[in-house]
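Open the model in a viewer and have the selection tool ready. The stops below go from one selection to the next.

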Amino acid sequence: MAKHVLLIEDEPNIIEAIRFILTRDGWQVSAHSDGADAVAAIRGARPDVVVLDVMLPGRSGFEVLQELRADPGLAALPVLMLTAKGQERDREQAARLGATRFMTKPFANTEILDAVRALGPA
Amino acid sequence: MPRQALAGSRIRERRTADGLRQVDLARLVGISASYLNLIEHNRRNVGAALLRKIAEALKVDPAALTEGAGAALLAGLREAATAADGASAAASSPAAPGAPELDRIEEFVGRFPGWAGLLAGLQGRVGHLERSVEMLSDRLAHDPTLSAALHDILSAVTALRSTAAILAEEGEIEPEWRARFHANLEDESVRLAEGAEALVSYLDTPRTREQGVVSPQEAFEGWLEARGYHLAECEGAAPPDPEALAPELPAAARRLVAAYARRYSTDAAALPMPALLAALADLGPDPGRLAERFGLPLPLVFRRLAALPPGGGAGAGTGASAGTGGELAEPGRIGLVACDGSGALIFRKPAEGFVLPRFGPGCSLWPLYQALARPVTPIRTPIEMSGRGQRRFLGYAYCQPAYPGGFDTPPVVEAWMLILPDDGPATAPAQAVGASCRICARAACPARREPSILGDGG
């Protein structure tokens with residue numbers, strides 16, 4: 001069974017590019033665009049890795065992360081957090097809330113590939 | 001050392017205006033002409049008894065010789081001295097001159113009134129400019145339009161970079177994918193161009209009207225001052241549209257004017273000026289007794305007293321005696337300040353001789369702040385501006401929390417302080433207060449927040 005990554009991101013063209021790159025690498029990729037019900041989507045999809053954007057409609061990525069970490073079933077789920085370049089405070093907050101790894105936008109395709117590979121099941 | 005700012009200059013001014021020679025005035029008050037000359041050049045302090053004699057000879061109120069515009073000018077100069085102090089500490093240049101001679105400040109003002117005025121004026125402008133820099137950097141950090149625009153641009157760049165890299169690096173790509181990525185590139189490049197354009201025009205548009213050198217609060221206060229703190233058109237039964245009162249002001253200041261005018265009209269309807277003037281003639285200016293008679297909240301009575309029409313409402317035809325409404329309504333006799341729960345001043349009408357800080361909170365010994373700490377308790381305290389020995393005031397303060405959000409919401413607190421001149425014989429020791437710590441000379445003050453620049457201020 002293919003490893004599964006869930007992308008929580010609201011920019012359709014970014015989703016498309018990441019989906020293409022990860023699919024080529026053998027991942028099963030699904031996407032969700034709303035922060036408000038992101039946690040429910042994660043519970044339903046049971047992905048191996050979550051890529052979570054900070055700026056989401058409905059609810060911020062920080063709040064989503066916080067709720068994930070509070071749920072014993074999801075507390076260990078690897079989360080790659082996407083923050084904006086230069087926003088050091090965002091990064092610090094994500095670290096405090098338990099993000100597994102970070103990446104700043106804009107990123108190189110190899111960076112996201114490496115990051116997701118590193119987080120995925122061996 | 002009594003600080004008789006400029007008494008000498010004022011004496012000289014009055015004397016020459018009266019066409020009196022120095023020798024003549026000296027003889028009238030029983031001193032030598034050369035001694036009077038020293039006094040007139042602010043080289044000698046003048047004692048209270050002599051000042052009374054001189055005032056009598058010149059047929060003026062002694063206070064007119066010792067108080068007035070000088071207080072604000074001196075405060076401005078002291079502020080300039082503090083600022084210079086901070087600046088030279090930050091970057092001491094080898095050619096730095098000595099510290100300003102604060103002990104000779106009155107001599108300076110007396111001998112070079114033009115230069116002194118210019119320096120104080122420049123200090124005022126420096127203050128405005130510093131605040132506008134602060135506002136602008138605040139704006140950059142918190143501007144929602146700016147951060148939304150940047151987020152948009154960053155998203156477009158992220159999508160562009162990823163997509164372009166796929167097309168450049170990934171080798172074989174199915175034709176339909178390739179077509180989609182090309183379309184996405186097109187999409188995102190248009191979005192990026194539009195975003196950049198919007199950002200440039202946003203940063204380019206001069207917003208001086210909105211974000212000039214004065215803050216909205218200052219523009220609002222300047223407008224009120226020019227109107228003498230009395231809004232005749234809001235006194236009647238049909239107040240004008242509050243939004244249209246100050247079309248010349250920038251939008252943010254206009255909103256402050258409108259909020260003020262709305263409250264003013266409500267106040268005026270609750271306590272019409274003719275009724276207030278009649279009660280003043282009857283009861284005197286004690287706001288507690290006035291509030292009791294009308295059954296109205298103290299802050300409302302404070303605001304109405306501070307809004308007395310110039311000339312004491314001669315047009316109101318109440319026959320208010322000169323001893324109450326008339327005299328009190330002279331400009332600068334009644335002061336009024338208000339602060340919010342954080343202590344920030346949200347309203348300031350200065351009284352003559354009672355210096356209000358230009359920026360930031362005032363002296364924490366003001367009854368205003370005592371009231372803030374003890375809400376719903378009327379507080380009356382005789383106060384004396386430190387460094388300015390002769391002038392006493394009565395501070396009436398009251399703080400009323402409001403709950404505009406209803407139950408289970410945080411209170412919104414406003415404290416008000418009415419400042420009335422206390423000209424009668426002293427009945428109780430007055431609390432020495434200042435304008436703000438930096439320009440206050442009071443030694444060993446228990447409530448000092450920052451060091452004074454006037455020597456060892458504790």
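This is a predicted model: local features need pLDDT of at least 70, side-chain atom pairs count only at pLDDT 80 or more; totals for chains, interfaces and linings use all residues.

Start by selecting residues 298-306 of chain B, which form helix α15.

How many strands form the open sheet in chain B, and in what order? There are six, arranged β2-β1-β5-β4-β3-β6, and their pairing is mixed. Select β2 (345-349) and β6 (431-433) of chain B to find the edges of the sheet. Each of these two has a single partner strand, so one side of each has no neighbour in the sheet. From one strand to the next, the twist averages 30°.

Within the sheet, select strand β1 (residues 335-340) and strand β5 (residues 412-421) of chain B. These two run antiparallel and are joined by six bridges. For one residue pair, pick D340(B): its bridge partner in β5(B) is E414(B).

Next, select residues 144-169 of chain B, which is helix α9. The helix has 26 residues, and from its first C-alpha to its last it reaches 37 Å, close to the 38 Å expected at 1.5 Å a residue. Colour the buried residues of α9(B); among them are L154(B), T158(B), S162(B) and I166(B). Others that are buried in α9(B) include S155(B), A159(B) and T163(B). In an α-helix there are 3.6 residues a turn, so residues three or four places apart point the same way. After α9(B) comes G171(B), with a positive phi near 70°.

Move to helix α3 of chain B, residues 33-40, and pick L36(B) there. Is L36(B) buried or exposed? L36(B) is buried, because 26 other C-beta atoms lie within 10 Å, and the cut-off for buried is 20 or more. Leaving out residues up to four places away in sequence, L36(B) touches Q22(B), L25(B), A26(B) and I31(B). Draw a distance from L36(B) to L25(B): the two are eleven residues apart in sequence, and their C-alpha atoms are 8.3 Å apart in space.

Finish with chain A. Chain A has five helices and five strands, and along the sequence they follow the pattern β-α-β-α-β-α-β-α-β-α. Of its 122 residues, 39% count as buried. Among the contacts in chain A with a separation of 6 or more, 58% come from residues 24 or more positions apart.

Notes: Residues are numbered from 1 along each chain as its sequence is written. Chains are lettered from A and ligands numbered from 1 in the order in which they are written. Helices (H or I, at least four residues) and strands (E, at least two) are DSSP runs, numbered from the N terminus. A residue is buried if 20 or more other C-beta atoms lie within 10 Å of its own, exposed if 12 or fewer, and partly exposed in between; C-beta atoms are placed from the backbone. Two residues are in contact if their C-beta atoms, placed from the backbone, lie within 7 Å. Two strands pair if DSSP finds at least two bridges between them. Axes are lines fitted to C-alpha atoms, for helices over the stretch in contact, and angles run from 0 to 180 degrees between N-to-C directions. The expected span of a helix is 1.5 Å times one less than its number of residues.
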